[in-house]
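The sequence and the structure come before the details.

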Amino acid sequence: MIRVENLSKSFTLHNQGSAVIPVMAGAHLSIQPGECVGLTGQSGSGKSTLMRMVWGNYLAAGGSIMVGQTDVATAEPRQIIALRRHTLGYVSQFLRVVPRVPTLDVVAEPLLALGSPLADARAKAADLLQRLNIPERLWPLSPTTFSGGEQQRVNIARGFAHAYPALLLDEPTASLDAANREVVLTLIEEAKARGAAILGIFHDEGARARVCDRLVDVTGFTPKVAA
Amino acid sequence: MTLHSTEFSQKIRDPDQPLLKVEGLTKRYGPRIGCLDVSFDLYPGEVLGIVGESGSGKSTLLSCLAGHQRADLGRIAYDGRDVLGMSETERRRLGRTDWAFVHQNPRDGLRMGVSAGGNVGERLMAVGARHYGDIRDKAQDWLGRVEIASDRIDDRPSAFSGGMQQRLQIARNLVTGPRLVFMDEPTGGLDVSVQARLLDLLRGLVRDLGLSVIIVTHDLAVVRLLAHRLMVMKSGRVVEQGLTDQVLDDPQHAYTQLLVSSVLQV
């Protein structure tokens, strides 16, 4: 479902003497449907960079990133937009929403974008918010005023609203208490059971051991020539 | 391809054909460049953001696209029709039916001496609606969609707040069912909280009506939330374009890097 081959990345900092910083070379991994692969490596080794390249908000310098039938490394913006709508979900560490939109609608939005009727989308959203222990009295409010852990759970609910065939999870259990961590791990297991291919970053070792089928250490993708 | 279409007929939309195709669009003011060699495709349902600082040519480009100014060079094809080769009558007709233009200042897009309902109804009458009851019902419906209370229908826009005026301008523009909407800094003069409400409204309308939008703004936070794709302009030229979050998170051009790194974090 996800196949990364010979992927490389460098940053060119035009406003800092046009320094070119190679950050990744020869990255490769592949994830089958129903499989969860965890990225490991020290902070700054390129886990998030690799994940962002798969999502498409970081441009690849070379190589390919197949998600389903789309090569994110070379796709047109509108192909990536379609991929994100139908196929590829992303739970980032940050919730970015239009202020003042109710939490229930924030979570329902990916379904509305796919053309689901409003009532169905809201029902699914309500179900997820309930499972993630967001009290119902908060649903009509914007999540921008919520605590970090609450925002994280709203983000997770939004990411799991549609049954994406491929999912990217960036620290999905960070800042969660034990009960909510358990809910999230169960959601991940359910997604795997329905055949989702998942690429994740988990600093939580227990979570990693439980849901990941394999680990890929990104340190191996660090360019050999020092910048 | 047929050139005949009645205003209210449901047009066939092929999502894989660009709705607007722009090639080499150039506008000069004497020796000064307005915009230079701009090319892009816009597909049905897509929101394209155009960003850049004051004087970058983004507003010139928008007004050339919308036909408010005449481009010197280039081609614009709308739904397969050559826009620059059209007669003025044809182009105006397009501007009243298939296209809409939302100005930064609602006063430029509204008739301030006419009631809110009249502002919306007038657009309908301009495309041939004659039945008073139908016009009023439709105006009422659109005021509701932009969250203007029905008891304000007979009030003049001058009695409205800035945010309400902007929502009224949007209702006036969208009532005729356009497919392409041009927006020039639509959230520009508004308070942040009013902006948020307008952004939410615009996102809903784009999604539910399948609108294509070209939005000019200097506000990167607005485009991140609203635009699918982004075009960055400097000195009349497009220096970078791509997926919105890619351009903002991994800008490639020196100017975009400067623009993105200059935004204050809230």
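Which residue in S4(A) does A:Ser8 stand opposite? A:Ser8 stands opposite A:Gly62. This is a predicted model, in which local features need pLDDT of at least 70 and side-chain atom pairs count only at pLDDT 80 or more, while totals for chains, interfaces and linings use all residues. Residues are numbered from 1 along each chain as its sequence is written, chains are lettered from A and ligands numbered from 1 in the order in which they are written, and side-chain values use heavy atoms, without hydrogens and water.

**Strands of chain A**

Strands (DSSP runs of E, at least two residues) and helices (H or I, at least four) are numbered from the N terminus. Two strands pair if DSSP finds at least two bridges between them.

| Pair | Sense | Bridges |
|---|---|---|
| S1(A) (residues 2-13) and S2(A) (residues 19-31) | antiparallel | nine bridges |
| S1(A) and S4(A) (residues 62-67) | antiparallel | five bridges |

**Chain A against chain B**

Each side of the contact (heavy atoms within 4.5 Å) is made up as follows: 26 residues from chain A and 26 residues from chain B. Between the two chains there are four salt bridges, a salt bridge being a side-chain nitrogen of Lys or Arg within 4 Å of a carboxyl oxygen of Asp or Glu. B:Asp250 forms a salt bridge with A:Lys9, with the closest N and O atoms 2.5 Å apart. On the side of chain A that touches chain B, S1, H2 (77-86) and H3 (103-113) each give two or more residues. H2(A) gives the largest share, six residues.
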